[in-house]
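Here is a short briefing to read alongside the model. Keep the 3D view open as you go through it.

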Amino acid sequence: MGSVSFELLVVELHVVSKQGFTTRQVHADRLLNHPEHGAIHTGTTNSVLFAFEDVQGLIDVFQGKQAGHVYSRSSSGSVVALQTMLSELESGIGGVCFATGMAAISSTFLSLLKAGDHIIVSQYLFGNTRCLMDTLCDLGIQISFADVTSVEEVKAVYQPNTRMVFTETVANPVTQVADVRAIGQFCAEKNVLFILDNTMTPPPLFSAQETGASLVVTSLTKYVSGHGNVLGGVVVDLGNYDWQSYPNISDGYKVADTTQWGLTQIKKKGLRDMGATLAPGSAHAIATGLETLALRMARNCHNAMELATFLHNHPKVAHVYYPGLADHPQHFIARDILDNGYGAILSLDLAEDIDVREFLNALALVISATHLGDNRTLALPVASTIFFENGPQERAKMGISEGMIRLSIGIEDTQDLIADFAQALDQFGN
Ligand SMILES: *Cc1c(COP(=O)(O)O)cnc(C)c1O
């Protein structure tokens, strides 16, 4: 912190929150974190340890009586600055960063759950999160998978020992949209944690805060950083859950400010003890990406909508999965919860006589790669790659066809993307 008074900081925060999304993002580091010497970016602090002139300072930070850093596995200036910006982005009360999105997700589950607890999770999960559920099951956690496109399916598997409901907003690759407002209401009624994975629809596309969610987790590797050059994850507490009623908070983590109980336990058990810390250089790369999130997302979504429409009308495409299309089964939910676009993941089934591999090789501009949320448009044969481990039966349950191609739409010029798909489709039959 610089020499700015508390009153001034409050005034600045107030101004920050009234302005538009991109205005806030490009000034967030400067106004929230006050880097030294008027720098517009918080510096990348590589020091692992922190020296104290008076050992009492070290003791006070250890005992939580004073804010500060003691060892950079638990916290460092660069990472805390990013946490502050990401919490502000989601209108939260604080956040914890991790080395990857999976680290954020696994650390959240492992720090908040105990053997014998029951959780409800979406049956349409990111593949690695789905695999993680097998590990949680081995550790004695009971799991019910639910079709989260309807709150009734969530209600049907609720039990007295249900501790949390976990879902993604828009699932990949089939783009099912969770009924997040109704699920949020149900979780509030039952006083159950509601955890959203908002990787697919980061602000300003979707506000987790408006659903009353407790925690929002995001893979920063995807849209938030956007450039395919850094891994990271975050958990933000949205301040909606009363942690005093959560049975699994260890006595030692019941700090004076009860709103901080959840984050304290995630920081201690999830970050400090399990140790998947975000590197300071990565925090800086993510903060840089964050500045253009809204601009990139608008272009990603625009391109996705244009391409979805083009493919939907193409005789050599059998089906397009995209929430922006009027025939998508959850189009009405997507229209209700998403602002400024329908996301940039779309999947398709080609006409039966077209070989998926030959088609992907015929694309000249689009890259065959397993990643999403990048500036570049990426394509992937789903059943033989990211969902290969799950086998045909589980794939069928998730609605994944054997020939499905997932596209992550980038920020290229729209006409160039459409031209690439058009020329590739032209190479097959008539
Ligand atoms: C990629 C992804 C993750 C995992 O993030 P990593 O940063 O790759 O670990 C989690 N959830 C969703 C929805 C994702 O797309």
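Buried residues (under 20% relative accessible area, 1.4 Å probe, protein chains only) make up 53% of the 430 residues in the protein. Please keep in mind that this is a predicted model, where local features need pLDDT of at least 70, side-chain atom pairs count only at pLDDT 80 or more, and totals for chains, interfaces and linings use all residues. Numbering starts from 1 along each chain as its sequence is written, and side-chain values use heavy atoms, leaving out hydrogens and water.

**Overall build**
- The protein has 15 helices and twelve strands, taken as DSSP runs (H or I, at least four residues; E, at least two) and numbered from the N terminus.
- Its radius of gyration is 22 Å, close to the 22 Å that the globule rule gives for 430 residues, so the protein is as compact as a globular protein of that length; the radius is taken over C-alpha atoms, and the rule is 2.2 Å times the number of residues to the power 0.38.
- Along the principal axes, the C-alpha atoms fill a box of roughly 80 × 50 × 35 Å.

**Strand β11 and its partners**
- Strand β11 (residues 378–381) is covered on both faces, with Leu-378 and Leu-380 buried on one side and Ala-379 and Pro-381 buried on the other.
- Strand β10 (residues 367–368) runs parallel to β11, joined by two bridges; pairing requires at least two DSSP bridges between strands.
- Ser-368 stands opposite Ala-379 in β11.
- Strand β12 (residues 405–408) pairs with β11 in the antiparallel sense over four bridges, and Leu-380 stands opposite Arg-406 in β12.

Terms used
Buried < 20%, exposed > 50% of the residue type's maximum accessible area, 1.4 Å probe, protein only.
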